[in-house]
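Q: Please take me through this model one feature at a time. I would like the general idea and then the case at hand.

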Amino acid sequence: ALRWCRMSSQPATSTVTTPLARPTASRQALVQMASSAAAPALACCFSNPADVAKTRLNLDSELRPRGEPPKFQGSVHCLQTIWRAEGVAGIQRGLGFAML
């Protein structure tokens, strides 16, 4: 509980209780369920650009005509090129399917 202090030598007598101060079992269960759903979704948001770069590099090497130079020089260059051409939507392409 929170205590209100006055600028005097008397002890604080009023206490304020809020619903958030007393965790209940149902509230703890709800927090645990939300955390268990949010953690993998957040991890997917951070790992998805690596999957996009890997897929683009693989497709570039397989679909490129013979004799033509590669479109990307590596994964960092691939992500930079995607960022410049397509923005965040290109970097996070396929994120919805990855979260399922």
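Q: Which residues in α1 are buried?
A: Buried means under 20% relative accessible area, exposed over 50% and partly exposed in between, with a 1.4 Å probe and protein chains only. In α1, the buried residues are Cys44, Asn48, Pro49, Val52, Ala53 and Asp60. This is a predicted model, in which local features need pLDDT of at least 70 and side-chain atom pairs count only at pLDDT 80 or more, while totals for chains, interfaces and linings use all residues. Residues are numbered from 1 along each chain as its sequence is written, and side-chain values use heavy atoms, with hydrogens and water left out.

Q: What do the buried residues of α1 pack against?
A: Contact means heavy atoms within 4.5 Å. The partners of these buried residues are α2 (75-86), α3 (88-91) and α4 (95-99).

Q: What span is expected of α1, and where does α1 bend?
A: The expected span of a helix is 1.5 Å times one less than its number of residues. Helix α1 covers residues 25-63, 39 residues, and reaches 56 Å from its first C-alpha to its last, close to the expected 57 Å. A bend at a residue is the angle between axes fitted to the seven residues ending there and the seven starting there. At Ser47, α1 bends by about 40 degrees, and Pro49 follows within four residues. For α2, 12 residues should span 16 Å, and its end C-alpha atoms are 16 Å apart, which agrees. Just after α2, Gly87 takes a positive phi of about 75 degrees.

Q: How is the packing of two helices described?
A: The angle between the axes and the distance between the axes describe two packed helices. Axes are lines fitted to C-alpha atoms, for helices over the stretch in contact, and angles run from 0 to 180 degrees between N-to-C directions. For α1 and α2, the angle is about 100 degrees and the axes are 9 Å apart. That makes α1 roughly perpendicular to α2, the term for angles of 65 to 115 degrees.

Q: Which residues of α1 and α2 meet?
A: Pro49, Val52, Ala53, Arg56 and Leu57 in α1 meet Ser75, Cys78, Leu79, Ile82 and Glu86 in α2. The residues of this contact divide into 7 nonpolar, 1 polar and 2 charged. Here Ala, Val, Leu, Ile, Met, Phe, Trp, Tyr, Cys and Pro count as nonpolar, Asp, Glu, Lys and Arg as charged, and the others, Gly among them, as polar.

Q: Is Arg56 buried or partly exposed?
A: Arg56 counts as partly exposed, at 23% relative accessibility. Not counting residues up to four places away in sequence, Arg56 touches Phe72, Cys78, Ile82, Glu86, Gly90 and Arg93.

Note on methods: Helix = DSSP H or I, 4+ residues; strand = E, 2+ residues; numbered from the N terminus. Parallel < 35°, antiparallel > 145°, perpendicular 65-115°, else oblique.
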